[in-house]
Structures are given as structure tokens and as C-alpha cells.
Amino acid sequence: MTAQLFLEQTLNGLQQGVMLFLLAAGLTLVFGIMHLINLAHGTLYMVGAYVAATATKASGSFTIGVLAALAAAGLVGATIEMTALRKLYKRDHLDQVLATFGVILFFNELVKIMWGPQALFLSPPAALSGTVEIIPGIPYPAYRLFIIGVGLAVGLGLRYLIVNTRTGMLIRAGATHRDMVGALGVDIDRLFTVVFAIGAMLAGLAGALAGPMLAVEVGMGEQILILTFVVIIIGGIGSVRGALAGALLVGLVDTYGRAFLPLAMRAALDPAAADSIGASISSVAIYLLMAAVLIWRPRGLFQAYGG
Amino acid sequence: MTGGRKRIVNTAGLALLLVLPALAQAADSPFFVSVATRVLIYGLAALSLDLILGYGGMVSFGHAAFVGLGAYAVGILAHHHADGSLIPFLPGAWEGSAQALIQWPLAMLVGGLFALVIGALSLRTSGVYFIMITLAFAQMLYHFMVSLPTYGGQDGLSLWQRSELPLIDLNDDVAFYYVALVLLLLALVVVRRLIASPFGMVLRGARQNEARLVSLGVPATRYKLTAFVIAGAIAGLAGALLANHTEFVGPGMMHWTRSGEILIMVILGGVGTLYGAIVGAATLLLLEEGLAGLTEHWMIFLGPFLVFVVLFARRGIYGWLAGREAGDD
């Protein structure tokens, strides 16, 4: 029983970590390479979720929903980059905070106008709606396993992109020697738009995948944004490897905290107090983790490329 | 004509604040006094953030925590005073108090003390890491207050009455407005003197080149921490006023979105100009109020407005109003 619970929670933590990784990878690339604080990254996640929910309902196919979400998030991301953010790369971080905050307000309201204030609900595709017995006798939702698989595949793909392709080489070079890369005849503006669009598509993918698990609603982007920032700070800004490590760490700590802290507290306190105190400690567990990591290693767990 | 334009802007602003209640009376919209009081209170919070942000280069993303702590200090004292119970975990038997002269300094003390602890730990990091660790501490305090059922938990505490001041009745909205105005002006004078002093010079030096200061033998971190504590105390006072203004204290006051709002006010008004912080608070709150009256979907206008300010008014709204000398406080 306890072993089963532990295994389930571990998988839940991995699944949450993988979702966070999809968001954190894009955010940390934009952050590490363009030195841009993008508070509106969660907005792209929300766009992905809404478009996936709508396209899935219209077409009856979850695959089409996900593809539509990828396209929409990439398009919205590239548009934001070209209209509002491109001029801000060399500016103060504070200007970026203000501008991207403005972008959040705009899209939250736009989504409210287009889809209304009510939350949307999306069910997982039929093929993934059942459970799988990972170990005989322990059923686990297939959809969550699917997310873990997708996240790991994306992680490997991203690694291949950054390490083995010409675009990846330019991304790495652009992170440290932007002017040099420009002087060699590379169109830096286009490169940055591409990086931003890749990050946006990853966020959109996370949104589309999250759709069947939680309510698709306005403000969902901001809730997860803070978690994502915690992840990339723990991992070390600009490092995709750090984003993966940070995401899995945060996912596991958060899930274990929620599942086991109230139980552990019940050993010492009466159930009501234990639940309330346990819940409050578990909700700050990731912040404690981040503060501890930063006090121990002020620049995160992994150094960024050249950083 | 040094500072001519700036002086005109400042004089006009002060004159407007002084006669505002009379104007609201004449226009038969007393509700506006309440909105203006909110502007003053948030102006105070934004001013305190600008001290560390604009002059010390410390981007605190958890400033609302100090506002919330100040508000809770007032709320908790008032709560125990109202039902006559003792304050737990406090040495001696104290049933709280309704006196502003006790509540408000205590709010500043609490804000300053927490700023000392949080600042000491956070100043080990810098840059973006500093932003995030201040946010983390603020979120911890937010969740802590959410989990305290004694003081309302998620629902917060309602105040039975506003704080009591000798001679002045704070329940009168106009009187309360002027008290808030006096405190804001007082804070403005204090912070202005502070940043013009040798202390302020070190603080500005730390923003520009901390390594150079340290190599000159100046303990820059100690100066930054002192500024952080002063800012925490002033934010605590803003919290005390806010609790009185809304007659309510809740964890929502400490949520990270509130910290973001205060940060936005400072940037919007113009970082590194103390008046700008107040202008930023006024702009954001009045835009919210005004646009909300026009359309339900007011944020669709506010969002692009913020982007435009960033792109085209690079020194913030106050910098745009007061011109070149805006930052020479």
C-alpha cells in the first residue's frame, strides 16, 4: 500500500516535472540567450491550452488539437517578439518586466473576450483515457505516462537541436558572442525570432497537454509562470540541462510535499491541524528549496553556456 | 532655469493633492477621496520600493510582503483589542491596542525586522536571482498567513474600527486622506534627505559599481541592507494605512501579483525618481478605475498602454512630464 502510494506519487511528480520542463526550457533559452525576462511566457501556455481545447472539440481529434496549439503558440510568440519585445533586448530588465506584464494583461482580456469567462474542459483522447499496469496490480493513468514520454522525447530532441545542428550552434554562439555572430553574417534578428518561437511552441505544447488534466481558464499562465521561474533559477539561468534537473526536482518535491507532509504531520497533531499545517508547509516547500539552493549556490545548480 | 519644468510639475501636483477633497466635494463625488487615499497609500509603498530599486539597484519582487506584514500588525492588534483575548506567543499579557500611535510604529517595526532577515539572506545573491529569492520569501509569508486560521486564513480579518488618533477622527474619510498625505510627504522628505546624504551616495555607488566600492573598503552590502530595512519599515507603514483604509486585512495583500503591481508603479512612473513612484501609483490606479468605468474589458487597453510607455517614454511618465532633471532629487 505505502510502496504503491510512493510509486504513484513519484510518477505524478515526474509528470509535473516534465510539464514544468516544457515551459522552463523555452523560458531559460530566451532568458539565457537574449537576456530577456519574459513574464508573458505563461500567456503562450494559456494560448496553447485554449486553442487545443477548441480545435479538439471542433475536429474530434486530440492530435489536431495539439498541432493547432503548437502553430498558434508559435505564431503568437513570433508576433509578440517582432512587435513588442525585439526593441527591449538591450534595455533594462525592468523595462522588459513592465512590457511583458502589459502583454499578459492584453492576452488575458483577449482570451476572455473570445472564449468567455467560463473555464473549458477537455477530456484525454480515447486511446489514452484508460490506465496501464506499470507493475502488476498497480494501475496508473495512461495519459500521465504519455506526458512523461512526450516530455522526455522533447528533452532529447532539444538536446539534439542545440548540440548537433547549425541552428543550435548559432544559439550557443549567440548566447555568448552576439555581436561576433552578427559580424559573421548571421541574421541575429531572425535567429532570435526563431528561438522565441521555439520556446513559445514548447509552452503551447505544455498548455495543450495540460488541458485534459486541469481547467482551461484565464490566469492559468500566471499560476504556472512562478513555478517555472523557480525551476530555471534552481537549475541556473540559460541552462537547458539545469531546467530539466530543476523541473524534476520541483515536480517531485512539490508532489511529495502535498502527498506525504499532511500524513507525516498526523503522527504528531490532530487531523485537522495536521492537514492545514501540512498543506501550508507543502505549498512553500518549493520556495524553501529555491532559497536553500540559492543560499548554497547563488547562481543555481548548472552554469549556462559560457555564462 | 534649472529644474524649472520639474518645479512646475511638482508644485502643481502638490497643489492638486492639497485641494483634492474640496474638489471632490464640489463635484459631489466623495468616492473620489477614497480612490485618492488609495493612490497616496500605494504611492508610499512605491516610494519605499524606489529607494532600494532606483537608488540601490535592488529589484525586490516581494515588496507586498512588507505591506502585508504592516497590515497584519494593525489587524492582529485590533483583533485582540476587540475581543479582549491575549496575543499568543508574545511575552507578557497584551490584549492588543486600537491606538494608531502604538499600531503604526509597530507595523513599521515588523516590516523593518522582516526586511532585515529577508534582506540579509537575499543580498547573498544578485541580479535575477535576487528578484526571485525576494519573491520566494514573500510567497512563503503569503502561504503562512493563508494557513493561520486564528487570523482568518484565506478569508482574512475585518477590522471593527479604524485606528484611534488623538484629536483626529480617522473614520472621517477626508481627515484620513490628509493623514495619509502628511505621512507620504514626510516619507518623501526623509527619503530625499537620505539619498542626498553620504549614505545615499554609497547606495548609488553600489548600484553603479559595487566591486569598486568594496575595493575602496566600503562595506556596500551593509549599506544596501540598511536601505532594504528602511524600505521595509516604510512599506509596513503603507500596510498599516491600507488596513485602515479598507478596514480589512487579508493574505491577498501579500500575493506576488501585488508585489508586481507595486513594481509596475515604480517603473511606470520612472525608476530613480521619488515623485515618479507616486505618479506611477496614481497612473496605474486611476487608469484601472477610469477604464473599468468605461468598459468591462479595460485590461485590453491597459496592457498595450504599458507596452507603449516602455517603448516610447523611456524615463517613465514622470521623466516624460518633468524632463531632463526628473532624476535629480
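**Reading a two-chain predicted model**

Me: Is Leu18(B) buried, exposed or partly exposed, and why?

Reply: Leu18(B) counts as partly exposed because its relative accessibility is 42%. Buried means under 20% relative accessible area, exposed over 50%, and partly exposed in between (1.4 Å probe, protein chains only). This is a predicted model, where local features need pLDDT of at least 70 and side-chain atom pairs pLDDT 80 or more, while totals for chains, interfaces and linings use all residues. Residues are numbered from 1 along each chain as its sequence is written, chains are lettered from A and ligands numbered from 1 in the order written, and side-chain values use heavy atoms, without hydrogens and water.

Me: Which helix gives the most to the nonpolar patch?

Reply: Helix H1 of chain B (residues 4-26), with 5 residues. Leu18(B) lies in this helix. Helices (H or I, at least four residues) are DSSP runs, numbered from the N terminus.

Me: How much area do chain B and chain A bury between them?

Reply: The size of an interface is often given as the accessible area lost when the parts come together. Here the two chains bury about 3700 Å², 81% of it on carbon and sulfur atoms; the loss is summed over both parts (1.4 Å probe). Helices H5 (128-146), H9 (256-269) and H11 (299-312) of chain B each supply at least two residues of the side that touches chain A. H5(B) gives the most to that side, with 11 residues.

Me: How many salt bridges are there between chain B and chain A?

Reply: The count is 0, taking a side-chain nitrogen of Lys or Arg within 4 Å of a carboxyl oxygen of Asp or Glu.

Me: Which residue has a positive phi of about 60°?

Reply: Most residues other than glycine have a negative phi. Asp28(B), not a glycine, has a positive phi of about 60° and sits in the loop between H1 and helix H2 (31-55) of chain B. Asp28(B) counts as exposed because its relative accessibility is 67%.
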